[in-house]
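Please keep the model open in a viewer and follow each selection in turn.

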Amino acid sequence: MGTLILALAGAGFSATLAQAAEEKVLNLYSARHYQTDEKLYENFTKQTGIKINRIEAKEDELLERIKNEGANSPADVFLTVDAARLAVAHELGLFAPVKSKLLESRIPANLRTDDWFSFSTRARVIVYNKAAVKAADVQNYEDLADPKLKGKFCSRSGSHPYNLSLMSAIIAHQGEAKAEQWARGLVANFARAPKGGDTDQIKAVAAGECGVTISNTYYVARIMRSDKPEDKKTMEAVGVIWPNQKSYGTHINVSGGGMLKTAPHKEAAVKFLEYLASDDAQRYFADGNNEWPVVAGLKFANPALDSLGKFKADALPVGSLAMYRTKAQVVFDRAGFR
Ligand SMILES: [Fe+2]
């Protein structure tokens, strides 16, 4: 009997220790690839005293790693970019549901699910060479497939998540048959085979190698904020269009994350997710990486985002983009958009 009481007392003691440890550390697996995030994390530690152990790797590598670590994974929170990737983590059953009044009140319903949350948005815009292409001809994603633009369209790969998520939205709005027709039109208009990232396409458009491309807004804003003479020249040569303002709105994608089911520090994990929706953190997304906060009405100081102006965003719930992801890849493959 005496031994049992001792054992129980011992268990209680170590539980208290575990709780104390829980307060102080957060293991963050992050696929966000932006240097400016450093301050975002430092600020959390300053506010809460919770130290962040950060593991950064490529999106798909991190997912693999969490999967392989299984029940023993030290990961508390997984942060990544692109809705479809977040949905993959959900489908693999990696996330734990998080009930937080704060997250529910701060993040609009179309930008969250039961177990993952968006913390910033980026739009996929049309960037065109002002000397080679008329703005009136590139007002919609659909316009990019018009034979008028033969030999003028450049893009990164069709299997990149940014393009897969855009294609998912097109399928959701237009249906698979029309989406495939669109992809075939894009391929017929290629100035060159897909290569490079969004920034490479913008530069090729400015140089006249291509007439038009699609890009995430933060790449455009990054060039806009640069002091380098070649970047200034790039921005002088190109125009930026919010696509589909008269129909379903410009496609937006997100960066976001969730708490892992196996998280050893669940309390710290929820605190961190709530922190990412705080005014301070939201401003880091806007000012540091040129993304839009998800919290409505938040004031921020980013002249590049301001000069891009206001736009109508596609209201499609981000969770549903994932539904069409496999189809999106099949459609791009069939159309020869590699
Ligand atoms: Fe990116």
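Begin by selecting T234, which is found in helix α10 (residues 229–237); helices (H or I, at least four residues) and strands (E, at least two) are DSSP runs, numbered from the N terminus. T234 is buried, with a relative accessible area of 8%, where buried means under 20% relative accessible area, exposed over 50% and partly exposed in between (1.4 Å probe, protein chains only). Leaving aside its neighbours within four places in sequence, T234 is in contact with I202, A206 and I223; contact means heavy atoms within 4.5 Å.

Before the next stop, two remarks on the source are in order. This is a predicted model, in which local features need pLDDT of at least 70 and side-chain atom pairs count only at pLDDT 80 or more, while totals for chains, interfaces and linings use all residues. Residues are numbered from 1 along each chain as its sequence is written, and side-chain values use heavy atoms, with hydrogens and water left out.

**The whole protein**

The secondary structure of the protein comes to 15 helices and eight strands. The C-alpha trace spans about 90 × 40 × 30 Å along its principal axes. For 338 residues, a compact globule would have a radius of gyration near 20 Å, and the 22 Å of the protein agrees with this; the radius is taken over C-alpha atoms, and the globule rule is 2.2 Å times the number of residues to the power 0.38. Buried residues make up 51% of the 338 residues. Among contacts between residues at least 6 apart in sequence, 79% join residues at least 24 apart.

**The iron site**

Which residues coordinate the iron ion? Select Y162, Y218 and Y219: each coordinates the iron ion through its OH atom, at 2.0 to 2.2 Å. Donors here are N, O and S atoms within 2.8 Å of the metal (3.2 Å for Na, K and Ca); water is not among the atoms, so sites may look incomplete. Along the chain the donors follow the spacing Y-x55-Y-Y. Y162 in helix α6 (residues 161–174) and Y219 in helix α9 (residues 217–224) are 57 residues apart, and the pair links distant parts of the chain. Y162 is buried, with a relative accessible area of 4%, and Y219 is buried as well, at 10%.

Six of its eight residues are buried, so α9 is largely enclosed by the rest of the structure. The buried residues of α9 are T217, Y218, Y219, V220, A221 and I223. Of these, I223 is a contact of T234 from the opening stop.

Select H251 next, in the loop between β6 and β7. H251 counts as buried, at 3% relative accessibility. Its contacts, apart from neighbours within four places in sequence, include the iron ligand Y162 as well as R122, A123, R124 and Y141. The C-alpha atoms of H251 and V125 are separated by 7.9 Å, although the two residues are 126 residues apart along the chain.

H251 also lines the largest cavity, together with A169, I252, D314, L316, V318 and L321. On a 1 Å grid over the protein atoms alone, a cavity is a set of points where a 1.4 Å probe fits but cannot get out, and a pocket is an open set with protein on both sides within 12 Å along at least five of seven lines; lining residues have an atom within 4 Å of a point. About 40 Å³ of space lies in this cavity, a volume being the space filled by probe spheres set on the points, which are joined across faces, edges and corners.

**Two asparagines with positive phi**

In the loop between β6 (238–241) and β7 (252–259), select N244. Its phi is near 55 degrees, a positive value in a residue other than glycine, and N244 counts as buried at 1% relative accessibility. Then move to N290, in the loop between α12 (279–289) and β8. Phi of N290 is near 60 degrees, again positive in a residue other than glycine, and N290 counts as buried at 3% relative accessibility.

**The largest pocket**

Finally, select W292, P293, F300, K310 and F311, which lie nearest the centre of the largest pocket among its 20 lining residues. The elements that give two or more residues to this lining are β8 (292–293) and α13 (303–308). About 520 Å³ of space lies in the pocket.
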